[in-house]
Amino acid sequence: MKKILFLLITGLTASVSHSQEVSDAVRYAQDNLTGTARFRAMSGAFGAVGGDLSSISVNPAGSAIFLNNQTGITFSNQNIKNNSNYFGTQTSDKENSFILNQAGVVFVFNDHNPSNNWKKIVIGANYENTNNFNNSVFSAGTNPTNSIDKYFLSWANGIPLKDVTQIDYRDQFYGEQQAAFGYYGKVIIPANPSDINGTQYLSNVPPGGKYYQENGYSTSGYNSKLSFNIATSYKDRLYFGANLNVHITDYRKTSTFYEANDNALQARETITDLTFNNDLYTYGNGFSFQLGAIAKVTDSFRLGLAYESNTWYELYDELSQSLYTTTDVIGGQTKYYNDNPNIVNVYESYTLQTPGKTTFSAAYVFGKSGLISVDYSIKDYSNSKFKPTSDPKFRDLNNDISNQLTTAGELRVGAEYKIKQLSLRGGYRFEASPYKNGTTIGDLNSYSGGLGYNFGGTRVDLAYSYLERKSNQGFFAQGFTDGANITSKLNNVSLTLLFEL
């Protein structure tokens with residue numbers, strides 16, 4: 001059987017939507033450490049330091065520390081390697097990418113009136129690629145108990161057979177579409193084929209265990225933030241700032257799941273292998289704001305406090321899927337099934353609200369010799385919400401978010417030491433898991449270092465950072481939720497050119 005439908009589905013009702021997952025909320029709520037090379041070399045510990053274009057992204061008051069107009073641009077090379085362990089089988093995959101990481105400018109307007117305590121106004125704009133989605137993961141191994149049939153059964157059970165057999169991919173809910181893929185691909189069969197109102201289904205994957213499985217996916221795209229900043233200083237002791245942020249996201253994921261077994265039955269044709277393909281494209285934009293303050297307690301000691309609001313995204317999903325299966329009967333004929341509608345489902349927009357963040361900072365400046373800085377940020381991932389909350393699907397999903405996610409802290413420590421025009425830098429970053437179980441996405445540890453040279457009106461900075469994080473996310477969100485243990489190791493090299501204007 002082969003279905004060839006060339007359709008572009010648009011203008012669907014809000015209830016007919018792609019099945020969002022908890023991991024989708026986490027993806028857009030998390031920020032990777034990006035920015036200028038100086039910022040990255042010190043692991044982003046700039047909340048009370050300021051004076052760097054990327055410090056604006058942590059504390060908008062940081063731009064008031066600038067003495068002169070400045071512009072800068074940063075390029076980064078990222079290499080990520082993912083080591084996978086799936087039921088004892090070790091595999092690995094890696095991805096390398098080169099991106100424009102940051103670009104920004106600040107303009108300083110000083111007030112030389114000695115009777116005015118408000119000494120300056122600074123305006124600026126800064127672009128940062130807050131998350132580089134370029135990645136590739138491959139897992140393979142023999143599952144001793146579970147087959148992907150559980151995924152299709154979890155969607156199909158409860159749906160009348162007549163709705164599955166008469167499916168029109170333009171009109172059906174996502175769950176009915178998944179049920180139809182399983183039905184037409186012969187992965188599942190109705191418990192009572194003669195009852196068109198029947199809602200129960202059985203697996204057509206033969207029992208016996210030992211299902212060889214492969215799951216590979218590649219992602220690409222970015223999450224970026226463009227900040228428009230204004231800041232001022234009072235008596236050169238107190239600094240205040242605010243940002244209006246525009247967020248843009250563009251995310252693509254192509255995944256392929258393969259399963260094979262040699263447990264064919266004598267009585268009927270059953271699945272021997274299958275390939276399930278999913279291509280997801282999510283894009284949209286968002287808005288947030290930031291407020292911040294820095295206080296010079298003494299000439300050397302500084303404290304900082306910053307708040308970043310929730311980010312409100314308007315997102316769109318496009319999804320295409322296909323399923324290819326092979327059936328066999330012992331001593332019988334091999335048959336091939338192709339359920340590929342050639343459809344791109346374009347769904348109505350929805351809103352995702354990611355959580356706000358509060359950052360506490362302290363820094364000690366050793367005159368012109370160097371500094372030590374510490375930032376601690378708090379973000380409650382369980383406050384993420386899909387909207388409209390009146391949608392039953394989103395209501396259930398938001399409950400899952402509240403139950404699975406938690407408040408996570410992030411510690412950043414950085415130091416800088418200057419030898420004439422040369423600066424040496426280093427840093428450490430720890431970010432706790434956003435999940436209550438601590439394993440779906442584990443804790444993050446990162447180390448960084450770098451150097452810079454000041455030529456006068458021009459400065460060149462170079463940074464290297466290393467990041468490691470473990471995770472275990474199911475290949476599918478429901479039914480068949482087995483997944484591989486992944487250890488991700490990311491190496492990044494950044495180069496920044498800065499110019500005083």
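Start by selecting Glu431: at 7% relative accessibility, this residue counts as buried (buried is under 20% relative accessible area, exposed over 50%, partly exposed in between, with a 1.4 Å probe and protein chains only). Before going on, a word on what you have open: this is a predicted model, where local features need pLDDT of at least 70 and side-chain atom pairs count only at pLDDT 80 or more, while totals for chains, interfaces and linings use all residues. Residues are numbered from 1 along each chain as its sequence is written, and side-chain values use heavy atoms, with hydrogens and water left out.

Keep selecting: Asp375, Glu410, Arg412 and Arg469 belong with Arg429 and Glu431 in one network, joined by salt bridges that share partners. The structure holds 13 salt bridges.

Next, pick Arg425 and Glu416. Their closest N and O atoms are 2.6 Å apart in another salt bridge, and both residues are buried.

**Stop two: the largest cavity**

Show the cavities. There are seven of 30 Å³ or more. (On a 1 Å grid over the protein atoms alone, a cavity is a set of points where a 1.4 Å probe fits but cannot get out; lining residues have an atom within 4 Å of a point. Points are joined across faces, edges and corners, and the volume is the space filled by probe spheres set on them.)

The largest holds about 310 Å³ of space. Of its 23 lining residues, Asp31, Asn32, Lys357, Glu410 and Arg412 lie nearest the centre. Colour α3 (55-58), β4 (118-132), β16 (357-366), β17 (370-380), β19 (407-419) and β20 (422-431) to see the elements that each give two or more residues to this lining; β19 gives the most, with four. (Helices are DSSP runs of H or I with at least four residues, strands runs of E with at least two, numbered from the N terminus.)

What classes of residue make up the lining of the largest cavity? Five are nonpolar, eight polar and 10 charged. (Ala, Val, Leu, Ile, Met, Phe, Trp, Tyr, Cys and Pro count as nonpolar, Asp, Glu, Lys and Arg as charged, the others, Gly among them, as polar.)

**Stop three: the second largest cavity**

Move to the second largest cavity, about 130 Å³ in volume. It has 16 lining residues, with Ala29, Asp31, Glu308, Thr311 and Lys379 nearest the centre. Asp31 is also among those nearest the centre of the largest cavity.

Click on Glu308, buried at 9% relative accessibility. This residue forms a salt bridge with Lys225, the closest N and O atoms being 3.8 Å apart. The pair links distant parts of the chain, with Lys225 in strand β8 and Glu308 in strand β11 (residues 301-308), 83 residues apart. Lys225 is buried as well, at 6%.

**Stop four: the rings**

Finish with the aromatics, which make 30 pairs (ring centres of Phe, Tyr and Trp, its six-membered ring, within 6.5 Å; planes under 30 degrees apart are stacked, over 60 edge-to-face, the rest tilted). Why is the pair of Tyr283 and Tyr316 stacked? Their ring centres are 5.5 Å apart and the planes lie at 10°, so the pair counts as stacked. Tyr283 is partly exposed at 23%, as is Tyr316 at 27%.

Conventions:
On a 1 Å grid over the protein atoms alone, a cavity is a set of points where a 1.4 Å probe fits but cannot get out, and a pocket is an open set with protein on both sides within 12 Å along at least five of seven lines; lining residues have an atom within 4 Å of a point. A salt bridge is a side-chain nitrogen of Lys or Arg within 4 Å of a carboxyl oxygen of Asp or Glu.
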